Amino acid sequence: MKVVGFAGYSGSGKTTLLEQVIPALRQRGLRVSVVKHAHHRFDIDHPGKDTWRHRQAGAFEVVVASEHRLALMREYEQPYRLTVHQMLAELYEGVDWVLVEGFKESDLLKVEVWRAPTADFAGHPARYPDDDFIVAIATDVPEQLPVPTGRPVLDLNQPEAVAAWLVDQGDRFEYTFENRT
């Protein structure tokens with residue numbers, strides 16, 4: 001599988017870019033998975049449903065599946081933060097691409113999603129000058145990048161071009177599970 005991170009501050013457009021890059025990759029016949037970091041409590045289950053009731057009864061894991069999807073819910077007795085590599089290990093190995101949203105501190109190769117400050121967006125410092133794992137910058141204002149770069153600058157508003165760049169650079173994003181924790 002090939003793995004690439006998309007890093008940037010909240011509000012920079014990571015999710016919007018990914019929801020447009022995913023179909024661009026799918027149109028090329030590629031199977032795509034996403035790993036997303038959540039900074040808060042979340043739940044995909046609903047009170048009163050069977051799986052919720054099983055979890056409330058104390059099940060450590062509940063797997064629910066239909067002919068269309070599978071979900072695994074795991075309850076930790078103590079707060080536990082998975083690494084991005086542990087999350088990747090949970091994925092189906094037959095996937096072509098994994099797009100990782102968040103985990104900006106990880107050692108994965110990443111595309112930084114960067115926007116300049118505007119009236120609606122406070123902006124944040126660019127990460128690429130200090131992060132050797134950032135291999136490209138996706139932005140809508142390349143002329144406003146705070147530091148010149150030799151890295152590729154991708155148009156944030158051209159997700160098809162971002163997908164094409166990923167596919168073209170695919171070999172560099174090959175991921176192996178050896179020596180990962």
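These exercises walk through one predicted protein model, each with a worked solution.

Residues are numbered from 1 along each chain as its sequence is written, and side-chain values use heavy atoms, with hydrogens and water left out. In this predicted model, local features need pLDDT of at least 70 and side-chain atom pairs count only at pLDDT 80 or more, while totals for chains, interfaces and linings use all residues.

**Exercise 1. The chain as a whole**

Find how many helices and strands the protein chain has, and in what pattern they follow.

Solution. 
- Start with the terms. Helices (H or I, at least four residues) and strands (E, at least two) are DSSP runs, numbered from the N terminus.
- Count them. The protein chain has four helices and eight strands.
- Read along the sequence. The pattern is β-α-β-α-β-β-α-β-β-β-β-α.
- The C-alpha trace spans about 55 × 35 × 30 Å along its principal axes.
- Buried means under 20% relative accessible area, exposed over 50%, and partly exposed in between (1.4 Å probe, protein chains only). Of the 181 residues, 38% count as buried.

**Exercise 2. Strand β6**

Explain why β6 (residues 110–114) is largely enclosed, and name its bridge partners.

Solution. 
- Count the buried residues. Five of the five in β6 are buried, so the rest of the structure largely encloses this strand.
- Recall the pattern. In a regular strand the side chains alternate between the two faces of the sheet.
- Sort the side chains. Lys 110, Glu 112 and Trp 114 point one way, while Val 111 and Val 113 point the other way.
- Take one neighbour. β1 (residues 2–7) pairs with β6 in the parallel sense over three bridges. Gly 5 has Lys 110 as its bridge partner.
- Take another neighbour. β7 (residues 134–139) runs parallel to β6, joined by five bridges. Glu 112 has Ile 137 as its bridge partner.

**Exercise 3. Aromatic pairs**

Classify the pair Tyr 76 and Tyr 80, then the pair Trp 165 and Phe 173.

Solution. 
- Set the cut-offs. Rings of Phe, Tyr and Trp (its six-membered ring) pair if their centres lie within 6.5 Å. Planes under 30 degrees apart count as stacked, over 60 as edge-to-face and the rest as tilted.
- Count. The structure holds three aromatic pairs.
- Tyr 76 is partly exposed at 33%, and Tyr 80 is partly exposed at 45%.
- Trp 165 and Phe 173 are 5.9 Å centre to centre, with 70 degrees between the planes, which is edge-to-face. Both residues are buried.
- Look wider. Trp 97, Trp 165 and Phe 173 form one aromatic cluster.

**Exercise 4. The cavity**

Describe the lining of the largest cavity by residue class.

Solution. 
- Define it. On a 1 Å grid over the protein atoms alone, a cavity is a set of points where a 1.4 Å probe fits but cannot get out; lining residues have an atom within 4 Å of a point.
- List the lining. Among the residues are Gly 8, Tyr 9, Glu 112, Trp 114 and Arg 115.
- Apply the classes. Ala, Val, Leu, Ile, Met, Phe, Trp, Tyr, Cys and Pro count as nonpolar, Asp, Glu, Lys and Arg as charged, and the others, Gly among them, as polar.
- Divide. The lining has four nonpolar, four polar and two charged residues.

Methods. Two strands pair if DSSP finds at least two bridges between them. On a 1 Å grid over the protein atoms alone, a cavity is a set of points where a 1.4 Å probe fits but cannot get out, and a pocket is an open set with protein on both sides within 12 Å along at least five of seven lines; lining residues have an atom within 4 Å of a point.
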